[in-house]
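We will go from stop to stop, selecting as we go.

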Amino acid sequence: MPGKLSSAQAENAWAFDVPAFRRALLGWFSANARDLPWRRTLDPYHVWLSEIMLQQTQMDRAVGYFERFLERFPDMASLDAAGEDEVLKLWEGLGYYSRARNLRKAARVVMERHGGAFPRTHADIRDLPGVGPYTAGAIASVAYNTPVPAVDANVLRVFARLLDMADPVDSPAVRRRMEAAAEELLDPHDARSFNQALMELGALICAPRKPRCEACPVREFCLARQRGTAEARPVTKPAPEIIRIDMACGVLASRGRLFIQKRRQGDVWPGLWEFPGGVLEQGESPEQALVREWREETGLPVAPAGKIAVVRSSYTRYRITMHGFYCRVENGLDPESAYCLNEADEARFVTAEEIKRFAFPSGHARLVAKLLTDLRLDAFLLAS
Ligand code: SF4
């Protein structure tokens, strides 16, 4: 019975007319669903790709990446045949690069274990590298209409408000209760639309700040709206402290080409490329850090030869300020024969055109963009 809400909801018993809730939500979704490229098909390869991209990325931002990725890798076989550098380059800027590496691993599993056909069962989908419980539920329900829930951050927020949850939703116990509640609420006949409708409601109406309750299709079922607590839900644990880090790196050239090195497997950002450099030690200037890091990482004695730019990047807990310099080798050494690799898997000397084909972590990618538009670059390359 819509409107008759009770505190039993706090125990995850949906104390309202569940079929009426489903009808209200699905009716709203059929009239308001956004036209997104991955919604124009039920091809599980497309659904999977979109779900992996959307794991840590805003919808608007993912659209361009999704279209470019599909244009280059239209099916599982083409992705399986791709090199890591090319996949990472197409992913550059999306962050959380383990997702891109897991795409390649999953493509291998699909080719070897499933003969190239995307797996159909929830369990087989869940077994793919990079696929967690939410993603498996989303793919199985959207691609195959399998009646399994898919509880992402948007859905969790909607549930926390519908139930007026005062406990932190990021605790495992509450999370489990929410997943049980999701199973109860799921429309078993149209899991595909129902799961997408809940996510869409969280994205468009039940927004993190200032939920638009007056436009909400399920407002009459919502306990937080009734109690005036919507903006105070969901409750989360305090955010971890932000850590600020200063780094320095150096761009070296030899015979008109730039030195780049590939980050080691097992390090942060494995397989991405960078200019040698690292974190400033206590009391060190960026220039001093640059000289020390180059010596430690490549064995080469270098001196700074002008600042290129200072670039800033944000990661979940970190705010990084990167000081980028031109540098030159000391003592008349030929860098192409004198360098060693102490902290990288591979190094190359590449032209300013070729460097565009390599994937860098976001700070270095910004520095590359600054470098390629720097009016001093041609003279720097000519003098090398
Ligand atoms: Fe969210 Fe408001 Fe709708 Fe409740 S009524 S689900 S708080 S938008």
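Start with a rule for reading exposure: buried means under 20% relative accessible area, exposed means over 50%, and partly exposed lies in between (1.4 Å probe, protein chains only). This is a predicted model, in which local features need pLDDT of at least 70, side-chain atom pairs count only at pLDDT 80 or more, and totals for chains, interfaces and linings use all residues. Residues are numbered from 1 along each chain as its sequence is written, and side-chain values use heavy atoms, with hydrogens and water left out.

**Stop 1: the whole protein**

Show the cartoon. The protein has 16 helices and 7 strands. Helices (H or I, at least four residues) and strands (E, at least two) are DSSP runs, numbered from the N terminus. Along its principal axes, the C-alpha trace spans about 85 × 50 × 35 Å. Of the 384 residues, 51% are buried.

Now think about contacts, meaning heavy atoms within 4.5 Å. Take the contacts with a separation of 6 or more: 69% of them are between residues 24 or more positions apart.

**Stop 2: D170**

Select D170. Is D170 buried, partly exposed or exposed? D170 counts as partly exposed, because its relative accessibility is 38%. Its place is the loop between helix 9 (153-162) and helix 10 (172-185). Leave out residues up to four places away in sequence, and D170 touches T236 and K237. Next, draw a distance from D170 to C340. These two are 170 residues apart along the chain, and their C-alpha atoms are separated by 46 Å.

**Stop 3: the ligand**

Select the ligand. Which residues are around the ligand? They are R161, I205, C206, P211, C213, C216, R219, C222, R225 and A230. Here, a residue is near a molecule if one of its heavy atoms lies within 4 Å of it. Colour this shell by class. There are 7 nonpolar residues, 3 charged residues and no polar ones. Ala, Val, Leu, Ile, Met, Phe, Trp, Tyr, Cys and Pro count as nonpolar, Asp, Glu, Lys and Arg as charged, and the others, Gly among them, as polar.

C206 is buried, because its relative accessible area is 10%. C213 is partly exposed, because its relative accessibility is 23%. How many disulfides does the structure hold? The count is 0, where a disulfide is a pair of cysteine sulfur atoms within 2.5 Å.

**Stop 4: backbone details**

Zoom in on R233 and P234. A cis peptide bond joins them, with omega about 0°. P234 lies in the loop between helix 12 (223-227) and strand 1 (243-254).

Move on to R255. It sits in the loop between strand 1 and strand 2 (257-263). R255 is exposed, because its relative accessibility is 53%.

Then select N331, in the loop between strand 6 (318-329) and helix 14 (335-338). N331 is not a glycine, yet its phi is positive, at about 65°. N331 counts as exposed, because its relative accessibility is 67%.

**Stop 5: P286**

Select P286, which belongs to helix 13 (residues 286-298). Why does P286 count as buried? Its relative accessibility is 15%, and buried means under 20%. Not counting residues up to four places away in sequence, P286 touches A248, L280, H323 and F325. Draw a line from P286 to A150. They are 136 residues apart in sequence and 47 Å apart in space, C-alpha to C-alpha.

**Stop 6: A82**

Go to A82. Where is A82? Look in the loop between helix 4 (76-80) and helix 5 (84-91). A82 is buried, because its relative accessible area is 6%. Setting aside neighbours within four places in sequence, A82 is in contact with F73, V87 and R104.

**Last stop: D374**

Finish at D374, in the loop between helix 15 (362-372) and helix 16 (377-382). D374 is buried, because its relative accessible area is 15%. Show its contacts: D374 touches I308 and Y326, not counting residues up to four places away in sequence.
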